[in-house]
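Here is a short note to read beside the model. Take the points in order and find each element as you go.

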Amino acid sequence: MPGQVGHLFILVSLIASLTAAFAYFKAVQATPDAKAGWLKLGRMAFLTEVASVLIIFAALLHILYHHLFEYKYAWQHTSLSLEFKYIMSAFWEGQEGSTLLWAFWHCVLGVIIIKREKKWEAPVMSVVSFAQFFLATMIVGIYIFDVKIGSNPFILLRDSGVLNEAPAMHVNFDLSQPIRPDYLSMITDGNDLNPLLQNYWMVIHPPILFLGFASTLIPFAFAMAGIWTKDIKGWVTRAIPWTLFSVAFLGLGIMMGAKWAYESLNFGGYWAWDPVENASLVPWMIMVSGLHTMLIFKHSGYSLRSSFLFLALSFVFIVYSTFLTKSGVLGDSSVHAFADIGMNGQLFLFLIVFVWLPPFFAASTNQQRLIITGVTAVLSLATYFLAEKLPGFPLYVILGGVITFIVLLNKRVPSIKKEENVSSREFWMFIGSLVFFLAAMIIIFQTSLPVFNKLFNSNKAPGENDEFNYNKIQVLVAFVIGILTAITQYLKYKATDTRFFWNKILVPTIISALVATFILVVVKINYDVHGMGFLINIWLALVATVYATIANAAYIWVGLNGKLKNSGGSIAHFGFGLMLVGMILSSSKKEILSWNTSGIAVPFGEDSKEKTGENLTLVKGVPMQMNNYMVTYVGDSAHPKKQQTYFKVHFKSKKNNEEFTLLPDAFVNYKGNEGLMANPSSKHYWNHDVFTYVSSFYKPDGKSDTVSFKPNTVHLNDTVFYSKGYIIVEKLAAKDNLPVAGFSKTDTGYTASVKVQQLNGPSYSADLLMIRNQGNTLYQNLDTITSQGLVLRLDDVGGSKITLGVKESDDVLEYLTLKAYKFPYINLVWGGVVFLVIGSVVSMFRRIRLQRLKAA
Amino acid sequence: MKKIHIILLVLTAAAIAVLVSFLQTTTTYDTVAIAKSKPGKFVHLMAKWDKSEPMEYDAIKNPNYLAFTAIDTLGDKVKVIYHSPKPENFELSERLVMKGKYEEGQFVCQSIQTKCPSKYKDQDPSKHPGNKKDSAYNNTVARVSTVKQ
């Protein structure tokens, strides 16, 4: 029942959004007398659309909340044990729900436009409704000539095909028979929300991110409206606050994703240049470029064409990112793209249409518009049939649209012939926007490698060090952007008096130089993994971003007399600079704490060629040294309802007596997922985080292990018996120099080679190591012969006598392997984001205020 | 020509140069035979775990050492060494994407991506944990299998 209501309103929404788009379109094109009628129809149709989306939303929520497992969506995304707060997360875990969330924000923004933007309502809402129509097609789930259009979130489990391969669900256990009428009684629980997504960030991050996504449509629609209604300049003033809004919320959404990745996922950081991350970063970067060119235009008259282009491309890349994440094309290269649900063609059509929409509006006559519409239709069909046959064809269709738009822009949009003054703000601001835009283009090109493979039937894989491929370029971008962000505010539009400029910027420059020197000399950045060249680039970027941070903070007082209401730009730039400084410091000074010096410390044995590892094994109850901490795996506790285990890991600092306990957790063999899904846990300090997660763990079944080490004092070549055989100490040596990290000259290392002989069975060898300093045991390694249930350790050495610790048990040991990082200055990143968002919002309100003043 | 246009051209040229140099760094997805034919070269090896051969992993002895044999679709085999903990879902995976180099008779990889049978597409709901039909489902932790000879 809720499903039928939901699906009915999907159809209503489809029709309403199309009607609204058409009516608003007519309202723009019609004669003044007919305008009012079309406007009214458009408004009614859009409000119907809003109501439908709300009803669809409510219906789907109802299904999830009541765990109505006859619906596939509920079965697939929830389970009875799912906490209430994650029902919303389950809602947008699936493609359909996330599309719906996106459509919902379009509705909210659309209503605000209808209320606020009287003059621009018709053209802007025509574009918004048209986009809404495409979103509705993505959830409609109907077939036209065997082509599936959209994926219906209200599909019943029995119709979804999931049960087709399950004999138990069919009459007489026969797959050729229909599904049993009582099949539902056998489905007692759902698949559940992916455990990695059972996290409060999943509740709040998607709504903000999708608000950001949705908000990029508005500046796009304004640009289209401007060129369409021949008010080529007037739209900019109205669009600036919307653009600021978009910059703030898309940026916030992206960085909330980063915070989530950092806090709850074990990617080992907040940013991995994953295609899904890049795909939303790129539209944001283009939007930022667009914002700056709009400001240039408003103050100097330059850069109008680039404003059109950037705003158009920003939304086109939002659509492209939707294509990337939802089409499954990233399957091999991204950890968090959606799976393919057979909508590639439709998603690509969405892209083609929105690439060719700007040329459509930029055309000067209706005849041209007709031609462009025809071309788009032909190209869409051609793509469908030729994509396989002509390599690269879809790409040419996209590029064709962009180039046509640029050509039409050059014809329609006037530009100033006079050259910009090199001392003017607009000159440098434009260079900054351009660099930022090109940086975005480079990122999306690198990200699109799997797409190029599909397009050209090639077989290119990312390089040996994929992240470095991004970093080595973006660090230079950070340098250029940092410098430009620092100085540009101090320049004036049109032209700047040199003395005036130096007077104001001198003090901030000196302070920046001091701070940067302090960081480089005292804090030190020695990240030389990628060579000296890259390290120097990091230093340069650090200096530039420190400069950006301090110069912008100073400008609030030097240039704006401390009027915070007017200094949104400076606050945002300050935040941006701070964020970059934080990123540079935290990434280049990130340290792995869990260097495994135990497994490989033994300077002999079969694995001696091995590199030091990044994971440390902690046996329950045995303190291990890790960097400056003694770390102990104390125990674990289970979630009452789920297969989720919390591990208690105790840290004790060796420097001061500080102690703390971290609780990284993991889903173990969760609902058919064999293995671990780990969530990290961090200890936060003001200047760094200690970040840990469990990379694997082993817990014997049954009774707990209470056996302790039994000491056996023996001579060389003596024999120690154990239940299944005997142990012989074959070699013993004392060394005062071992290739072990932290081994000092006064330490002595004792090594023993031990042979374990199973009676009537194979023999094993074990290598034991103990390090001592003046009688104190600093370190002992444990060697385990798992098949014998035997753990050995060297306890004491005196003359030719040694004490061998032998521990025997049916089930050897409980242990986990831990990965631990030190993330310094991570708070600068988060703090920077906060300022960036606040600054953008302050700016937005200032622009709205200015509009009001002008209108009054 | 305006200065800004010169800068535009220079920057665009620089961006294109960056992209061309990026394309030089890309590698390929390869089979075992091809990976063996170019030792020391970084490749993405597409294969799966050969369960008929022993796997070596002992987290207590060394959590950063995994050795196993991979077999590709053509039936070629290669010994793989991985200096990290055994990836999640390793036993379940139907395909592995291994990034690394073939050196001295073995494939040393930096990272392993496991591809598991899709959770939703193929799974029989009656086999799903929690469903009545499947009371035999047990929760035992996968044992770390060790071959130590």
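1. Start with the terms. Two strands pair if DSSP finds at least two bridges between them. Strands (E, at least two residues) and helices (H or I, at least four) are DSSP runs, numbered from the N terminus.

2. Next, the ground rules. This is a predicted model, in which local features need pLDDT of at least 70, side-chain atom pairs count only at pLDDT 80 or more, and totals for chains, interfaces and linings use all residues. Residues are numbered from 1 along each chain as its sequence is written, while chains are lettered from A and ligands numbered from 1 in the order in which they are written.

3. Look at the domains. Chain A is split into domain 1 (1–198), domain 2 (214–413), domain 3 (466–589), domain 4 (616–692) and domain 5 (710–813). These bounds come from an automatic or database domain assignment. The centres of domain 3 and domain 5 of chain A, taken over C-alpha atoms, are 56 Å apart.

4. Now the sheet. In chain A, 4 strands make an open, antiparallel sheet, ordered β14-β22-β21-β20. β14 (710–715) and β20 (783–785) of chain A each have a single partner strand, so one side of each lacks a neighbour in the sheet. On average, neighbouring strands are turned by 30° against each other, direction ignored.

5. Check the pairings. β21 (residues 790–798) and β22 (residues 801–808) of chain A run antiparallel, joined by 8 bridges. Here Leu792(A) faces Val806(A) in β22(A). The hairpin of these two strands has 2 residues between them, and Gly799(A) takes a positive phi near 60°. β20(A) is joined to β21(A) by 3 bridges, again antiparallel. Thr784(A) stands opposite Val791(A), and Ile785(A) stands opposite Leu790(A).

6. Finally, a helix pair. At what angle do α13(A) and α14(A) pack? Helix α13 (residues 366–386) and helix α14 (residues 393–412) of chain A pack at about 160°, with axes 9 Å apart. Axes are lines fitted to C-alpha atoms, for helices over the stretch in contact, and angles run from 0 to 180 degrees between N-to-C directions. The two helices are therefore roughly antiparallel (under 35 degrees is roughly parallel, over 145 roughly antiparallel, 65 to 115 roughly perpendicular, the rest oblique).

7. Who touches whom in this pair? Leu379(A), Thr383(A) and Leu386(A) in α13(A) meet Phe393(A), Pro394(A) and Val397(A) in α14(A). Contact means that C-beta atoms, placed from the backbone, lie within 7 Å.

Key. Two residues are in contact if their C-beta atoms, placed from the backbone, lie within 7 Å.
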